[in-house]
Amino acid sequence: MAAYGLYTHIASNKFRSAILLAGLFVLIYVMVFAGALLAEVFVNSNATADYYLRAATRDLIQALPFATIGAALWIVIAYFFHQKLIDAVTGGEDVTRQERPRLYNLLENLCISRGIPMPKLKVMPSDALNAFATGLNQRQYAITVTTGLLSDLNDQELEAVLGHELTHIRNGDVQMMVVAVIIAGVVGFFAELFFRTFTNFAWSSGGTGWSSSSSSSSSSSSSSSSDRKGSGGGAFIIVLVAVALIAAAWLLSLVVRLALSRSREYLADAGSVELTKNPDAMISALRKIENRGELPGATSAVMELCVDNPRSGFADLFATHPSVDSRVRALVKFAGGHDPGPLALPFHADEQEDQKTRTQSGPWGGADESAAAQSGVASPPAPDRPWGKPAGPWDN
């Protein structure tokens, strides 16, 4: 499994990245055409559908250079600043050997063993158990891990996760995922912009635009009934077509994730085993990460980059990762690993001390009472106070 279709997978990722970039421009042109349809309806709501289509086509041809430059500019910005944007969302920070010697040495050893250039290391403050790789070229590649992953995984498991992310970089998966994030971002931005503009216009006009035009056309003696039907119906149909095009482009930007074959996760798991020669470490790491990888505040685009994405779409149709169970079964079958089943996280010394403190000083007693109860020795009775025992309604 470790070598299955590896070079074909890498070549396929590069080809898909180019196709996705071309698809970005196509989706932008579709949205520009939809925007031109809406603009023509707003300018003149008494024309026919054929008129709107011809006018919008002319507008699209005129806007093509500007749309192309805008999409290219978006790609350039994302190319140079995507890591800064991701760090701003996740809070990831660069770390050095002096700051994280354990993490740094594990990654360095993996890179040296295979002659791989070492990517940057980042740590984000989160109790979640997850990690992800980013970057579009050798100078940008980086691996980010959470503080929760560092504290709850042992060295072998942490090394396996680093090997997993390193394999994503080697296989070109990271480039394709970043391109997909760019596409979803730019199309989602313009789709929301169009919908907000259309909604605001509808609310500000109060729906009087089409009604007034329709009433004026009906009161005109020179217009026939067929012309009135054609003009009013044409505007309404064109608005529906424009909204449908924008919605379709937005949905396609989300479905782009389906183009990112889930096999990349299986290959990354296998690549980790190839690097570490320890399938059991990868399996136990997945079992610990399972259902504990949710990054609070992270967008779905960031979660798609992670080792495990606990978020799933409708009936898992849009899930970007195979389930942990299926990944573990593959490692057991093809790499000879052993599945321990779902694992509990280790109980740290500081948590034990905190639990001990809570036990000794609970809400109903102090430390002396708790210690006396644990030792089995009854605590001495409290001395009588000068005023004696207060009498109450329960006393005889």
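Biologist: Which residues are linked in a network of salt bridges?
Modeller: Arg264, Glu265, Asp269 and Arg327. A salt bridge here is a side-chain nitrogen of Lys or Arg within 4 Å of a carboxyl oxygen of Asp or Glu. Some ground rules: this is a predicted model, where local features need pLDDT of at least 70 and side-chain atom pairs count only at pLDDT 80 or more, while totals for chains, interfaces and linings use all residues. Residues are numbered from 1 along each chain as its sequence is written, and side-chain values use heavy atoms, with hydrogens and water left out.

Biologist: How far apart are N and O in the salt bridge of Asp269 and Arg327?
Modeller: They are 2.9 Å apart, N to O.

Biologist: And which parts does that pair tie together?
Modeller: Asp269 sits in helix 9 (residues 263-276) and Arg327 in helix 12 (residues 324-335), so the pair joins parts that are 58 residues apart in sequence. Helices are DSSP runs of H or I with at least four residues, strands are runs of E with at least two, and both are numbered from the N terminus.

Biologist: Is Asp269 buried or exposed?
Modeller: Asp269 is buried, at 1% relative accessible area. Arg327 is buried too, at 0%. Buried means under 20% relative accessible area, exposed means over 50%, and partly exposed is in between (1.4 Å probe, protein chains only).

Biologist: How many salt bridges does a search of the whole structure find?
Modeller: It finds 12. One of them pairs Lys122 with Asp94, with the closest N and O atoms 2.5 Å apart. Lys122 is in strand 2 (residues 120-124) and Asp94 in strand 1 (residues 93-94), so that link spans distant parts of the chain, 28 residues apart. Lys122 is buried at 5% relative accessible area, whereas Asp94 is partly exposed at 48%.

Biologist: What forms a salt bridge with Arg287?
Modeller: Glu290 does, with the closest N and O atoms 3.1 Å apart. Glu290 is buried at 18% relative accessible area, and Arg287 is buried at 5%.

Biologist: Switching topic. How many disulfides does the count come to?
Modeller: The count is 0. A disulfide would be a pair of cysteine sulfur atoms within 2.5 Å.

Biologist: Overall fold, then. How many helices and strands?
Modeller: The protein has 14 helices and 4 strands. Of its 396 residues, 40% count as buried. Among contacts with a separation of 6 or more, 72% are between residues 24 or more positions apart. A contact means heavy atoms within 4.5 Å.

Biologist: Which residues touch the most other members in the largest nonpolar core?
Modeller: Val145, Leu149 and Leu162, in a core of 71 residues. Helix 1 (residues 6-43) gives the most to this core, with 11 residues. A nonpolar core is a set of buried Ala, Val, Leu, Ile, Met, Phe, Trp, Tyr and Cys residues joined through side-chain atoms within 4.5 Å. In soluble globular proteins, nonpolar side chains tend to be buried together.

Biologist: What does Leu149 touch?
Modeller: Leaving out residues up to four places away in sequence, Leu149 touches Ala128, Leu129, Asn130, Ala131, Leu158, Val161 and Ile289. There is also a second, separate core of 11 residues, with Met124, Ala128, Val302 and Met303 among them.

Biologist: Now the outside. Which residues form a nonpolar patch on the surface?
Modeller: Leu73, Val76, Ile77, Phe80, Phe81 and Leu85, with about 590 Å² of accessible area together. Leu73 is in helix 2 (residues 49-90). Patches take residues with over 30% relative accessible area and no salt bridge; like charges are joined within 9 Å, and nonpolar side chains (Val, Leu, Ile, Met, Phe, Trp, Tyr) within 5 Å. The protein as a whole exposes about 21,300 Å², and carbon and sulfur atoms supply 62% of it. Accessible areas come from the Shrake-Rupley method with a 1.4 Å probe; for residues, only the protein chains shown count as cover.

Biologist: What is Leu53 in contact with?
Modeller: Setting aside neighbours within four places in sequence, Leu53 contacts Phe33, Leu37 and Ile238. Leu53 is in helix 2 and is partly exposed at 36% relative accessibility.

Biologist: Last one. What is the phi of Lys277?
Modeller: Near 60 degrees, a positive value in a residue other than glycine. Most residues other than glycine have a negative phi. Lys277 is in the loop between helix 9 and helix 10 (279-289), and is exposed at 58% relative accessibility. Asn291 has a positive phi of about 60 degrees as well. Asn291 lies in the loop between helix 10 and helix 11 (300-303), and is exposed at 66%.
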